[in-house]
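This report describes one protein chain for a reader who is new to structures. Please look at the sequence and the model before reading on.

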Amino acid sequence: MGMILFLVWHLFLYFMCFVYVITFFGNVVLLSIIFLVRALHTPKYMIVFNLGVSDLCGSTALIPKLLDTFLFENRYIAYNTCLCYFFFVLLFGSMQSWTLALMAYDRFIAICFPLHYHNIMTTPAVSGLLVFVWLLAASVMGTVAGLINRLSFCKSFVIQSFYCDHAALYPLACNSAVLNQRFVVFAGMVMYICPLLVIGGSYTSIAVALKRTVSRGERFKAFKTCSTHLILVTVFFVPLVGSQIAVYFPNYHPNIRMMNFTLSQTVPSLLNPFIYSLKTDEMLTAIKTLFRKYIPRKYNYTPCGPLVWKTLTL
């Protein structure tokens with residue numbers, strides 16, 4: 001049984017190598033296309049660009065450290081490095097959550113207020129929303145990480161996790177961690193529950209607006225633009241909620257918890273570029289534009305005048 005678990009764990013680590021390579025490639029391609037094609041410099045694709053940055057940075061914050069810890073046996077980490085690692089994992093996970101909420105808000109404005117879309121979703125307005133979300137996530141998650149400093153650790157210095165997860169840190173504290181636990185609940189509500197409420201409210205309003213639409217073509221077009229985003233929301237939130245609920249079950253093995261948490265944080269980053277971004281009509285048009293611009297064509301050159309053959313005879 002132990003040998004089977006050992007093989008499964010190492011297969012999981014090699015699978016995470018594959019996930020990181022594909023995630024890195026997919027999101028770099030996405031970000032490069034948005035950056036290079038001027039037609040995509042719109043408020044909508046500002047939000048998509050932000051999602052790509054969050055996915056790329058979140059996977060980079062999580063997966064390399066996982067591989068370094070278990071494949072290369074680097075099990076020790078300094079205290080301040082541990083807190084920084086903890087902060088960045090939570091920060092980019094929160095940004096993924098809020099970016100999905102902003103994408104739902106964008107669809108809500110586009111479908112419910114199509115005539116006012118360009119007046120509401122302007123570049124300054126979307127820039128302000130993105131800056132606000134970044135500041136909110138940084139302040140809340142910075143406080144979560146900073147409150148670790150009020151704890152004193154005297155029981156053990158062995159963390160039952162591959163990173164400084166608060167669920168693994170609190171049991172090691174000698175003093176009370178009630179304040180930390182309460183603030184983590186508040187942070188979870190702000191960073192995950194509030195975005196879910198925004199998404200739910202947006203799609204409820206969209207459903208009401210589509211019921212009033214007579215044209216089936218318009219309904220299908222709206223459903224097509226919303227379906228891919230709903231897949232992203234499902235892929236991100238369902239494993240995340242499942243991993244948080246599973247922590248409270250008895251006999252929950254630490255390795256299973258680590259695998260579940262890692263998959264819930266990295267698989268959405270892998271799928272986001274391919275499910276939503278790179279398959280949209282605007283993105284496919286942009287890819288064709290880049291191919292025409294940067295890949296040289298094979299021209300068939302024809303001579304200016306008729307060919308004249310000259311033979312040499314002895």
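Which residues does UniProt list for "transmembrane region"?

## Record and model

The unreviewed UniProt entry lists residues 12-37, 129-148, 183-210 and 230-249 under that name. UniProt positions are given here in the numbering of this report, feature names are shortened, and annotations may be inferred rather than shown by experiment. In the model, residues 12-37 are 96% helix and 0% strand, with end C-alpha atoms 37 Å apart. Residues 129-148 are 90% helix and 0% strand, and their end C-alpha atoms lie 29 Å apart.

The model is predicted: local features need pLDDT of at least 70, side-chain atom pairs count only at pLDDT 80 or more, and totals for chains, interfaces and linings use all residues. Residues are numbered from 1 along each chain as its sequence is written, and side-chain values use heavy atoms, with hydrogens and water left out.

## Overall fold

The chain has ten helices and zero strands. Helices (H or I, at least four residues) and strands (E, at least two) are DSSP runs, numbered from the N terminus. Of the 314 residues, 43% count as buried. Buried means under 20% relative accessible area, exposed means over 50%, and partly exposed is in between (1.4 Å probe, protein chains only).

Contact means heavy atoms within 4.5 Å. Among contacts in the chain with a separation of 6 or more, 79% are between residues 24 or more positions apart.

Helix 3 covers residues 79-112, which is 34 residues. From first C-alpha to last it reaches 50 Å, close to the 50 Å expected at 1.5 Å a residue; the expected span is 1.5 Å times one less than the number of residues. Helix 3 is mostly covered, with 26 of its 34 residues buried.

The largest nonpolar core has 87 residues. A nonpolar core is a set of buried Ala, Val, Leu, Ile, Met, Phe, Trp, Tyr and Cys residues joined through side-chain atoms within 4.5 Å. Helix 3 gives the largest share of this core, 19 residues. Among the residues with the most contacts inside the core are Phe-86 and Phe-162. Leaving aside neighbours within four places in sequence, Phe-162 is in contact with residues including Leu-62, Phe-70, Tyr-85 and Phe-261.

Arg-107 is found in helix 3. Why does Arg-107 count as buried? Arg-107 counts as buried because its relative accessible area is 10%. Its side chain is joined to that of Asp-106 by a polar contact of 2.9 Å. A polar contact is a pair of N or O atoms within 3.5 Å; within protein, one must be able to donate a hydrogen and the other to accept it, and residues adjacent in sequence count only if both atoms are side-chain atoms.

Asn-50 lies in helix 2 and is buried, with a relative accessible area of 6%. Beyond four places away in sequence, Asn-50 touches Met-95, Thr-99, Leu-130 and Trp-134. Asn-50 and Thr-99 are 49 residues apart in sequence, and their C-alpha atoms are 7.1 Å apart in space.

## Cysteines

How many disulfides are counted? The count is zero, where a disulfide is a pair of cysteine sulfur atoms within 2.5 Å. Cys-17 is partly exposed, at 26% relative accessibility. Cys-57 is partly exposed as well, at 28%.
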